[in-house]
Amino acid sequence: MNEKVRCLIIGSGPAGYTAAIYASRANLSPVLYEGMQPGGQLTTTNEVENFPGYPSGITGTEMMEDLRKQAERFGTDIRFGMATATDLSSAPYKVTIDGEKIIEADAIIISTGATAKYLGLPDEQKYAGSGVSACATCDGFFYRKMTVAVVGGGDTACEEATYLAGLASKVYLIVRKPFLRASKIMQERVLGNPKIEVLFEHETLGLTGDKVVQGANLVKRRGQSDEAQVHIDIDGFFLAIGHTPNSDIFKPWLETDEIGYIKTIPGTPRTNVPGVFASGDVTDPHYKQAITAAGTGCQAAIEAERYLSEKGL
Ligand code: NDP
């Protein structure tokens with residue numbers, strides 16, 4: 001038999017946990033499914049320095065552990081499991097967990113976040129777990145005193161390069177444009193770090209190595225008259241080129257933009273389906289911060305409470 005809940009929260013990043021804190025304090029008896037990466041993307045971040053209230057910073061993992069405890073304190077039912085399908089054609093809405101169990105929910109808060117992108121090179125698959133990673137904080141430890149490369153020119157890439165420079169002996173930052181897109185402070189950290197060499201206008205063609213990554217073949221100034229092939233010896237290859245919103249299972253029912261970010265009514269977490277709310281990175285192509293995710297998680301829970309009370313549910 002299907003289980004019926006009033007408020008189902010899908011995802012356990014800052015948006016999901018904040019929604020859970022507010023929903024449980026509003027007596028909505030929320031059930032939260034953690035998804036594939038409990039704690040969300042922040043658990044792959046090293047130091048969070050910009051979340052208000054932590055003057056000395058806090059690690060992403062600690063912060064998510066605190067948020068989880070806070071949600072549990074008010075009675076959120078936090079469960080391990082992944083939402084694998086949805087039927088939002090009529091209320092109560094149905095969400096399949098791990099391909100088996102079906103939960104019926106009067107209101108749903110989607111906080112499924114976003115996932116790291118890869119370049120799409122066959123070598124990324126070939127060397128997966130053998131030198132290729134999309135998470136410096138998770139895997140950097142394995143590259144102590146070695147040489148690594150990070151791909152990307154945004155804040156994530158700069159943060160990961162700086163983090164890895166604290167462990168590795170040398171870090172290449174492979175940037176396809178002639179400039180970094182990262183914030184000024186992050187750029188300064190990278191450009192002022194003697195262990196980091198920025199390779200502007202370089203793109204990755206492939207990886208080399210016997211079983212594990214030992215090098216990367218790059219092209220410099222592709223398509224220009226001075227185009228050149230470049231080889232670097234590396235032990236690890238880290239992707240930091242952005243993210244894809246985790247919205248596939250909702251796409252049959254919810255409006256998304258061309259990338260897949262769930263569309264909400266501007267200034268609210270309301271989707272095109274009444275009683276279904278979206279918060280955090282799955283709906284945010286612009287800000288993507290823990291604090292903005294937490295803010296929209298709060299909004300989603302308040303909206304869910306109002307929706308349920310208006311419907312008498
Ligand atoms: P961004 O989208 O900002 O940057 C992606 C980077 O990857 C760009 O430099 C882009 O190049 C490059 N890139 C994309 N596709 C490819 C490709 N196929 N080949 C080579 N390079 C590629 O993503 P981030 O993850 O860096 O940041 C996302 C958001 O999160 C931003 O708003 C950022 O400010 C924020 N953030 C904040 C942090 C903090 O404040 N501590 C830490 C991390 C992220 P190009 O420039 O050429 O498009």
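Modeller: An N or O atom in the side chain of D155 sits 2.5 Å from an oxygen atom of the ligand. That is a polar contact (a pair of N or O atoms within 3.5 Å). This is a predicted model: local features need pLDDT of at least 70, side-chain atom pairs need pLDDT 80 or more, and totals for chains, interfaces and linings use all residues. Residues are numbered from 1 along each chain as its sequence is written, and side-chain values use heavy atoms, without hydrogens and water.

Biologist: How far is the side chain of K177 from an oxygen atom of the ligand?

Modeller: An N or O atom there is 3.0 Å away. The ligand alone exposes 910 Å², and the protein buries 76% of that (Shrake-Rupley method, 1.4 Å probe).

Biologist: Which element gives the most to the shell around the ligand?

Modeller: α5, with 3 residues. Helices are DSSP runs of H or I, at least four residues; strands are runs of E, at least two.

Biologist: Which residues of α5 are buried?

Modeller: A157, C158, E160, A161, L164 and A165. Buried means under 20% relative accessible area (1.4 Å probe, protein chains only). They cover an arc of only 165° around the axis, so they lie on the same side of α5. The arc uses directions from the helix axis to the C-beta atoms.

Biologist: New topic. What is the strand order in the open sheet?

Modeller: β10-β17-β11-β12-β13, with parallel pairing. Strands pair if DSSP finds at least two bridges between them.

Biologist: Why is one side of β10 left without a neighbour in the sheet?

Modeller: β10 stands at an edge and has a single partner strand. β13 does too.

Methods: Buried < 20%, exposed > 50% of the residue type's maximum accessible area, 1.4 Å probe, protein only. Polar contact = N/O pair within 3.5 Å; in protein donor to acceptor, adjacent residues only side chain to side chain.
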